[in-house]
Amino acid sequence: QVQLVESGGGLVQPGGSLRLSCAASGSYSGLGHMGWFRQAPGKQRELVATINSGGIINYAESVKGRFTISSDNAKNTVNLQMNSLKPEDTAVYYCYGYFLIQLRWAEAWGRGTQVTVSS
């Protein structure tokens, strides 16, 4: 089983920055991709950014040019640098990963970290 633990959320003013980190632990033999989703109150969970084991990155249109995803395969972590934050970025951010566990691919999710953008 794989566990994902997020850190780095908090309260920030519009225009500010935050950095989220997610660490994976547990037993797995392969990594497909990792990334971040978010869910605002009353809305569906949506993709923010993903990065695969080959370094290919995908961003939601709403965060392009403001957010940067990166990974450290040696440390089994994925990070999300969020700049020029807007009130509409307020949400619970969830770390996500797709792992090869005992010859089967499976999803793993973190518990989420709150990001609030407000003056």
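What follows is a short chat about a disulfide, a hairpin and a threonine.

Modeller: Before we start, this is a predicted model, where local features need pLDDT of at least 70, side-chain atom pairs count only at pLDDT 80 or more, and totals for chains, interfaces and linings use all residues. Residues are numbered from 1 along each chain as its sequence is written, and side-chain values use heavy atoms, with hydrogens and water left out.

Colleague: Which residue does Cys 22 join in a disulfide?

Modeller: We call it a disulfide when two cysteine sulfur atoms are within 2.5 Å, and that rule gives a count of 1. Here the S to S distance is 2.0 Å, and the partner of Cys 22 is Cys 95.

Colleague: How many residues apart are Cys 22 and Cys 95?

Modeller: Strands here are DSSP runs of E, at least two residues long, numbered from the N terminus. Cys 22 sits in strand E3 (residues 18-26) and Cys 95 in strand E9, so the pair, by those DSSP runs, links distant parts of the chain. The separation is 73 residues.

Colleague: Are Cys 22 and Cys 95 buried or exposed?

Modeller: The scale is relative accessible area with a 1.4 Å probe, protein chains only: under 20% is buried, over 50% is exposed, and in between is partly exposed. On that scale, both Cys 22 and Cys 95 are buried.

Colleague: Which residue in E10 is the bridge partner of Leu 100?

Modeller: Strands E9 (residues 91-101) and E10 (residues 104-109) pair in the antiparallel sense over 6 bridges; pairing takes at least two bridges found by DSSP. Across from Leu 100, the partner in E10 is Trp 105.

Colleague: What is the relative accessible area of Gln 102?

Modeller: Gln 102 is in the turn of the E9 and E10 hairpin, which has 2 residues between the strands. Its phi is near 50°, a positive value in a residue other than glycine. Gln 102 is exposed, because its relative accessible area is 73%.

Colleague: And what is the relative accessibility of Leu 103?

Modeller: Leu 103 is also in the loop between E9 and E10, with a positive phi of about 70° although it isn't a glycine. Leu 103 counts as exposed because its relative accessibility is 78%.

Colleague: Which residue's backbone nitrogen lies 3.3 Å from a polar atom of the Thr 113 side chain?

Modeller: Thr 113, in strand E11 (residues 113-117), counts as buried because its relative accessibility is 12%. Its contacts (heavy atoms within 4.5 Å), leaving aside neighbours within four places in sequence, include Glu 6, Leu 20 and Tyr 93. The backbone nitrogen at 3.3 Å belongs to Gly 9.

Methods. Helices (H or I, at least four residues) and strands (E, at least two) are DSSP runs, numbered from the N terminus. A polar contact is a pair of N or O atoms within 3.5 Å; within protein, one must be able to donate a hydrogen and the other to accept it, and residues adjacent in sequence count only if both atoms are side-chain atoms.
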